[in-house]
Number of protein chains: 2
Amino acid sequence: MKTKKKVKKSPPKKKQMRVSGSTVKRLSKYYRTLNELIKEDTDTISSEELAKLEGVTSAQIRKDFSFFGNFGRRGLGYNTQELKTHIAGILGLNRHWNVAIVGAGNIGSALIDYAEFKAHGFHIKLVFDNDPAKIGKMLKSLIVKNIDTIESECQRENIEIAIMAIPAQAAQAVAERINKAGVKGILNFAPKRLQLPNHVVIRQENTAMELETLSYFIMNQKDYLK
Amino acid sequence: MKTKKKVKKSPPKKKQMRVSGSTVKRLSKYYRTLNELIKEDTDTISSEELAKLEGVTSAQIRKDFSFFGNFGRRGLGYNTQELKTHIAGILGLNRHWNVAIVGAGNIGSALIDYAEFKAHGFHIKLVFDNDPAKIGKMLKSLIVKNIDTIESECQRENIEIAIMAIPAQAAQAVAERINKAGVKGILNFAPKRLQLPNHVVIRQENTAMELETLSYFIMNQKDYLK
């Protein structure tokens, strides 16, 4: 006689949701707002109040938080200090990141001593350029290094993040060298899509795109949430 | 005898969806990619192919487009030229915007001759500072104006957009003056939340937030879509 096989029940599958760049960027914004609220001695905040400050819907805020577990108790609002600590952990702001700037032009110069970087754990350790007139000279607190030494310098300083502020036509070749040096993420100001292996995280920065978003909302005020 | 009143049926209400800043920013990205595709003589592209290039899901792309009407025919993909023209119209890239830069520091300087601005209809007409050493001097193609004249100068040049690249502590007061001059939108690089009447559109720019997004994806590669 055949015995019935007991079917092993697998645990209910957790829905794997991918967290988008937009969600993460909103977390950064919430984090800043929470900092301000804590400074003003605000202990708790509802998703509705936070939504109003951020110019998003409260549903958006609850959805953003839902990716990362349960942040508050229904009806009680969020504890600002706990929420801030939680978000800092998610964003990796409670650790130290070594950062290199590639390109000692206007943007690179502006970023070297950008106070918010250090305050959030991002430490600019190196700056590179290919211009003989700049190499070896002080730029704010750093000596500009020759871009030809980028692999060895980045390895020596354990650089994990590179900010690229160089012309578009040079961007791909430099990105490949940065990749060889073991850098894990690139913030790219050059208006050029970079092609690198999948383990390197690339974020594209583009001020023209910010202006386009602005012009959209100027023309479509109905969509604009302050 | 009472006659029955005929109840006028109202047309089915169209669901009013608010378009988010993230959606608009992705449109800017799609626009750039379409430009590249057109240069490479690519006539059509599917939402799946576009998704792969953008590092988003194809569902995201279809959702983004759904706010603005029907962009393509199912199964046939999008015509790259038509899609580009359509997105340009949505973003307001087929018109001329007069822009002022407030703050002649590193960021302001970097933006004055940023080629992508002009290419997309954003024309930098004025630059302001409060530093006597800078006022009246040439900065690239423009003479730096005294910030005390910002209301009259912005009105004279029909400035619609201001880019603020000044220290946080000065930001609110300057924003209020810009508002009086009739400027419709502000891109704010100062790490300071601005409080202005609702008809002024404000976008906050913050490179530290971009780094935080990068660090999140370095730590959570599973979420990262190239």
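This is a predicted model: local features need pLDDT of at least 70, side-chain atom pairs count only at pLDDT 80 or more; totals for chains, interfaces and linings use all residues.

Colleague: Start simple. Into which domains is chain A divided?
Modeller: Chain A has domain 1, covering 21-91, and domain 2, covering 97-209. The centres of these two domains of chain A, taken over C-alpha atoms, are separated by 31 Å.

Colleague: And chain B, what rotation superposes it on chain A?
Modeller: A rotation of 180 degrees, with 0.0 Å of shift along the axis, and the RMSD is 0.0 Å. That is how a two-fold axis relates two copies.

Colleague: Which residue of chain B comes closest to that rotation axis?
Modeller: B:Asn106, with its C-alpha at 2.6 Å.

Colleague: Why do you say the copies meet through the same surface?
Modeller: Because 99% of the interface residues of chain B are also interface residues in chain A.

Colleague: New topic. How many salt bridges are there over all chains?
Modeller: The count comes to 32. One of them is between the side chains of A:Arg32 and A:Glu116, at 2.7 Å from N to O. A:Arg32 belongs to helix α1 (residues 21-39) and A:Glu116 to helix α6 (residues 115-119), so the pair ties together parts of chain A that are 84 residues apart in sequence.

Colleague: Are those two buried or exposed?
Modeller: A:Arg32 is buried, at a relative accessible area of 13%. A:Glu116 is buried as well, at 14%.

Colleague: What does A:Glu160 form a salt bridge with?
Modeller: With A:Lys184, where the closest N and O atoms are 2.9 Å apart. This pair also links distant parts of the chain, 24 residues apart: A:Glu160 is in the loop between α7 (150-156) and β7 (161-164), and A:Lys184 is in the loop between α8 (168-180) and β8 (185-188). A:Glu160 counts as buried at 13% relative accessibility, whereas A:Lys184 is partly exposed at 38%.

Colleague: Which residues are linked in a network of salt bridges?
Modeller: One network takes in A:Lys25, A:Arg203 and A:Glu210 together with B:Lys25, B:Arg203 and B:Glu210.

Colleague: Back to β8(A). Which strands pair with it?
Modeller: β7(A) runs parallel to β8(A) and is joined to it by 4 bridges. Strand β9 (residues 201-204) of chain A also pairs with β8(A) in the parallel sense, over 4 bridges.

Colleague: What stands opposite A:Ile186 in those two strands?
Modeller: A:Ala162 stands opposite A:Ile186, and in β9(A) the bridge partner of A:Ile186 is A:Ile202.

Colleague: How does the chain cross from β7(A) to β8(A)?
Modeller: Through α8(A), in a β-α-β crossover that is right-handed.

Colleague: Are the faces of β8(A) covered or open?
Modeller: Both are covered. A:Gly185 and A:Leu187 are buried on one side, and A:Ile186 and A:Asn188 are buried on the other.

Technical notes:
Residues are numbered from 1 along each chain as its sequence is written. Chains are lettered from A and ligands numbered from 1 in the order in which they are written. Side-chain values use heavy atoms; hydrogens and water are left out. Domain bounds come from an automatic or database domain assignment. A salt bridge is a side-chain nitrogen of Lys or Arg within 4 Å of a carboxyl oxygen of Asp or Glu. Buried means under 20% relative accessible area, exposed over 50%, partly exposed in between (1.4 Å probe, protein chains only). Copies are superposed by least squares on the C-alpha atoms of residues with pLDDT of at least 70 in both. Contact means heavy atoms within 4.5 Å. Two strands pair if DSSP finds at least two bridges between them. A crossover is right-handed if, with the strands pointing away from the viewer, the path from the first strand over the helix to the second runs clockwise.
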